[in-house]
Amino acid sequence: METYFKQFLYDLISIASTNPTSDKEDEAIACVEHYLSCAGIDYQHIVVDEARHRSCTIARISRSHLSATKRNSPTAKGALTFCGHIDVVPVSPDERLQWKTPPFTPTRRENKLFGRGTCDMKGGIAAVATAMRNATTNTSHFCEDITFLVTCDEEDRMTGVRALLRYIKPQYEGALIIAEPTNMQLMTASRGRSFARCTTYGKTAHGSQKNAIQQGNAILQMQHFLNQIANENFDHTNDNITGTSFWQPLSIRAGVEPGIIPDRCTCMIDTRLSLIDNCQNFESRLQSIAQNCAHRSAKNIDIDILDKREPWITSDDALHVKILRNIMAQPPNSQLLAQNTFLGSTDGNVLAMHGYKPVILGPGDLACAHRANEYVNLDDVERACQIYRELITRWCESS
Ligand SMILES: [Zn+2]
């Protein structure tokens, strides 16, 4: 791995761009912009939330990088777009005790690089940025519009990628590569995700009042609601690629101590959606259960849908999928051909809803993200860089 590539990765990991607890997402974006602009790559800096130090960047290898002859030749192809997020999840006090090395000091042990964000997903960002840099130094084959979207706030509400939608639009096939950790397996489908805040209401009363329980205890209303949630059958959502949809409560809040019957209970219901399901169905299911419960208790349950990320699948006929399969079928990557589904949600879910055709391919194992002693294998980061670089070359050659 070249020194500048490695140094850039180390620099990125040293910036604790945690979401939601830091004010350093900006700083990490600036680090990427500096690295790319050193190779003459242009970028557009987009401020997303000034107060929270959040921004994104859109970097482009553009026409100005072309050799004189190429610059004058017509290019048939639209943009090939890469995407990655700069924010990382925080390290809780309990988790910090489990780390064997300081999480924001990149530490190498043999070929593993340890640190928060090594796997999810600064390894992938370093690989894409370096592939772009290396592409600008080779003028033999070139096309314009190799774009790299570097986003903030992916780990929470995805405000970063949504802010970018005003500045980008898919061209040609909307070819998109998300550099999230997939252990260098090509993923051409992703489950969807949606989540909702559900609120039950009651009436405060003294905790000694047994009669007040029936009408007034918001926790008991929620318990009834959650029982119905647990009984929902998802068999009809089964497809043979992503399995069935499911849902579960991920947080719950109620009660004022001491000794008051609670008048409000809120619960976050999170759903993961199969390819034949969608966010509207999730909302309908919730509303229908809420109406049933309200009918029995004569109290309304409020449902606020907080986010919608539709499932997606990208066809094997898409040019970037064909090229990637072709590159990776060659030794030593012949094990990478399997059709795979990404289980988490990514910026790709948002971009797919606006005409992009994502695939996910990147260094690192998702199973070691968001946990103590997160690491990425440096050989995988380098291999990702080579594959991205080769994709850029073949994409440009085929235009
Ligand atoms: Zn990620």
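Biologist: In which order do the 3 strands of the open sheet with β4, β5 and β16 stand, and is their pairing parallel or antiparallel?

Modeller: Strands of a sheet pair through backbone hydrogen bonds, in either a parallel or an antiparallel sense. In this predicted model, the open sheet of 3 strands has the order β4-β5-β16, and its pairing is antiparallel. The strands β4 (107-109) and β16 (375-377) stand at the edges with a single partner strand each, so that one side of each has no neighbour in the sheet. On average, and ignoring direction, neighbouring strands here are turned by 25° against each other.

Biologist: How many bridges join β4 to β5, and which residue of β5 is the bridge partner of Arg108?

Modeller: The antiparallel pairing of β4 with strand β5 (residues 112-114) runs over 3 bridges, and Arg108 has Leu113 as its bridge partner in β5.

Biologist: Which strands of this sheet does α5 touch, and where does α12 lie?

Modeller: Helix α5 packs on the sheet by touching β5 and β16, and its direction makes about 45° with that of β16. Helix α12 (residues 378-397) lies across β5 and β16 and runs at about 60° to β16. Of the 20 residues of α12, 14 are buried, so the helix is largely enclosed by the rest of the structure.

Biologist: What span should the 20 residues of α12 have, and what is the distance between its end C-alpha atoms?

Modeller: At 1.5 Å a residue, α12 should span 28 Å, and this agrees with the 29 Å that separate its end C-alpha atoms.

Biologist: At what angle do α1 and α5 pack, and is the crossing left-handed or right-handed?

Modeller: Helix α1 (residues 3-14) and helix α5 (residues 118-136) pack at about 145°, with 10 Å between their axes, and the crossing in which α1 passes α5 is right-handed. On the side of α1 the contact is made by Phe5, Phe8, Leu9, Leu12 and Ile13, while α5 contributes Thr118, Lys122, Gly123, Ile125, Ala126, Ala129 and Thr130. These residues divide into 8 nonpolar, 3 polar and 1 charged.

Biologist: Turning to the loops, where is Ala372 placed, and does it count as buried or partly exposed?

Modeller: Ala372 belongs to the loop between β15 (357-360) and β16, and because it has 17 C-beta neighbours inside 10 Å it counts as partly exposed. Leaving aside neighbours within four places in sequence, Ala372 is in contact with Glu95, Gln98 and Trp99. Ala372 and Gly115 are 257 residues apart in sequence, yet their C-alpha atoms are 8.7 Å apart in space.

Biologist: Which residues does Ala39 touch, not counting those up to four places away in sequence?

Modeller: Ala39, which is found in the loop between α2 (25-37) and β1 (42-49), touches Arg133 and Thr136 when those sequence neighbours are not counted. From C-alpha to C-alpha, Ala39 and Thr136 are 7.3 Å apart, although 97 residues apart in sequence. Ala39 has 17 C-beta neighbours inside 10 Å and therefore counts as partly exposed.

Biologist: What is the order of the open sheet of 6 strands, and which strands stand at its edges?

Modeller: The order is β1-β2-β6-β3-β7-β15, with mixed pairing. The edges are taken by β1 and β15, each with a single partner strand, so one side of each is left without a neighbour in the sheet. Neighbouring strands of this sheet are turned by 20° against each other on average, direction ignored.

Biologist: How many bridges join β3 to β6, and how many join β3 to β7?

Modeller: Strand β3 (residues 80-85) runs parallel to strand β6 (residues 146-151) and is joined to it by 6 bridges, whereas the parallel pairing of β3 with strand β7 (residues 175-178) has 3 bridges. In β6, Phe82 has Phe148 as its bridge partner. Cys83 has the bridge partner Leu149 in β6 and Ile178 in β7.

Biologist: Which residues of β3 point one way, and which the other?

Modeller: In a regular strand the side chains alternate between the two faces of the sheet. In β3, Leu80, Phe82 and Gly84 point one way, Thr81, Cys83 and His85 point the other way, and all are buried.

Note on methods:
Residues numbered from 1 in each chain as written. Predicted model: local features only at pLDDT ≥ 70, side-chain atom pairs only at ≥ 80, totals over all residues. Axes fitted to C-alpha atoms, helices over the stretch in contact; angles between N-to-C directions. Helix = DSSP H or I, 4+ residues; strand = E, 2+ residues; numbered from the N terminus. Left-handed = near helix turned anticlockwise from the far one by under 90°. Contact = placed C-beta atoms within 7 Å. Nonpolar A, V, L, I, M, F, W, Y, C, P; charged D, E, K, R; others polar. Pairing = 2+ DSSP bridges. Buried ≥ 20, exposed ≤ 12 C-beta atoms within 10 Å, placed from the backbone. Expected span 1.5 Å × (residues − 1).
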